[in-house]
Amino acid sequence: MTRPSKPIRAIELSTDRFVLRPIEPVSFARRTLHWTSDRQAFADLTWRTEGWTMWRWWRHLRKFARKNRICHGIWAKEKAALIGLHIIGYEPKSGNVNIGVLIADRSWWGKGVVAEVRGAILEDCFERLGVHRATGWVNARNFASIYNYQRLGFKREAALRDNSVLLDGARTDLLAFGLLRSEWLAKRGAVESQDENKA
């Protein structure tokens with residue numbers, strides 16, 4: 001499949017437990033301004049950790065709703081609750097995407113949200129959009145994010161030494177994880193084969 005020649009367009013996606021809806025920056029900012037008080041979650045995304053206002057938060061979200069960028073709100077089906085967001089930045093010349101996620105509702109931490117949501121995002125990127133590869137960045141102390149990348153088949157590709165500053169002022173490496181379309185399709189095919197053998 002060739003990479004897309006037109007700007008990417010977000011669509012609503014669904015998983016077993018979640019609905020992923022493209023955001024509308026104004027209404028989304030109003031619903032989620034309280035997220036900006038979670039300094040740790042924002043530090044993990046290398047976003048500013050203080051000084052947020054409604055205006056700044058809206059302008060920040062608006063960047064993710066522009067050409068070649070997609071932002072999905074993550075809604076839990078069980079209670080129709082908004083629990084986080086997933087970001088995609090598309091590079092037209094290379095056909096690659098950069099991805100990031102924020103699970104703002106801490107009651108969902110450790111419950112497999114990222115793997116489930118990102119699986120649907122990757123399937124959409126590689127199948128519908130024809131993306132060539134996906135890249136994610138994470139600080140070396142964010143063990144949960146590292147685990148999630150590895151679980152989905154990403155490979156560690158680079159380390160920018162002492163590139164990230166943590167909330168306590170300590171420095172740590174920034175790690176790059178990458179996944180090729182061919183690797184995703186091979187992994188998906190292996191899973192489907194296992195499921196067929198069990199049936």
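Good morning. I begin with Lys 67, which counts as exposed because its relative accessibility is 63%; exposed means over 50% relative accessible area, buried under 20%, and partly exposed in between, with a 1.4 Å probe and protein chains only. Lys 67 sits in the loop between α3 and β3. Helices (H or I, at least four residues) and strands (E, at least two) are DSSP runs, numbered from the N terminus.

A word on the source: this is a predicted model, in which local features need pLDDT of at least 70 and side-chain atom pairs count only at pLDDT 80 or more, while totals for chains, interfaces and linings use all residues. Residues are numbered from 1 along each chain as its sequence is written, and side-chain values use heavy atoms, with hydrogens and water left out.

Next, the salt bridges, each a side-chain nitrogen of Lys or Arg within 4 Å of a carboxyl oxygen of Asp or Glu. The count is eight. In one of them, Arg 133 meets Glu 157 at 2.7 Å, N to O. Arg 133 lies in strand β6 and Glu 157 in strand β7, 24 residues apart. Arg 133 counts as buried because its relative accessibility is 16%, whereas Glu 157, at 45%, is partly exposed.

Finally, Glu 123, Glu 127 and Arg 188 are linked in a network of salt bridges. Thank you.
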